[in-house]
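Here's a quick tour for anyone meeting this structure for the first time. Have a look at it, then read on.

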Amino acid sequence: MGTHTDSPRRARADGRQASHAGDVRAALDALRRIVQGIRLSAAHAQRVTGLTGAQLFVLQQLSEGPAQSLNELALRTRTHQSSVSTVVTRLVGRGLVSRRRAPADGRRLVLDLTPSGRALLTDAPETAQSRLIAGLERLPRTALRTLTGHLEQLVAALGMDAEPAPLFFESPEPAASPDRPNR
């Protein structure tokens, strides 16, 4: 049987567990809000433009000017070249982005909006990716580094550190246009 001193120890341990559980819940709530915001933004983009949120985000990045290479566009979207390549291929297939050889270097492809791509952007909503990037860029550098380190630890703890990091919610199937549903 426990002694009188076990009770305060147990109370402190219970308090720490409750505090830890509260911290876990707060972290989960923050992640849920971010994921939900991205999901709702992507659904809204799909309804308004017929594009995924990732496709709309890439178009918006190209609206700032042609990309002199796929790598440059990957830098603008803050993702890997292979991820942005998949999205660009879909946008080219839909006639919203053009790929042409660079005049100075025929090995390099220049990516630009087509007139259809530019027209689609006139009524397009802001993407969650743009808001997320802006929010991260507003953080002080030390806070951003700390957040990055903790997120990388979480990804590793989940065993997801070997997974590719594609653009948010980019589906394996091309998105339907507003007047043509997916089949």
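## Helices 3 and 4

Start with helix 3 (residues 70-77) and helix 4 (residues 81-93): their axes come within 9 Å and cross at roughly 100 degrees. That makes helix 3 roughly perpendicular to helix 4, a label for angles of 65 to 115 degrees. Axes here are lines fitted to C-alpha atoms over the stretch in contact, with angles running from 0 to 180 degrees between N-to-C directions. Helices are DSSP runs of H or I, at least four residues, numbered from the N terminus.

Who touches whom? On the helix 3 side it's L70, N71, L73, A74 and T77, and they meet Q81, V84, S85 and V88 in helix 4 (contact means heavy atoms within 4.5 Å).

## Helices 2 and 3

Helix 2 (residues 53-62) packs against helix 3 at about 110 degrees, with the axes 10 Å apart. So helix 2 is roughly perpendicular to helix 3. F57, V58, Q61 and L62 of helix 2 make the contact with L73, R76 and T77 of helix 3.

## A look at L31

L31 sits in helix 1.

## About the model

This is a predicted model, where local features need pLDDT of at least 70, side-chain atom pairs count only at pLDDT 80 or more, and totals for chains, interfaces and linings use all residues. Residues are numbered from 1 along each chain as its sequence is written, and side-chain values use heavy atoms, leaving out hydrogens and water.

How values were computed: Helix = DSSP H or I, 4+ residues; strand = E, 2+ residues; numbered from the N terminus. Parallel < 35°, antiparallel > 145°, perpendicular 65-115°, else oblique.
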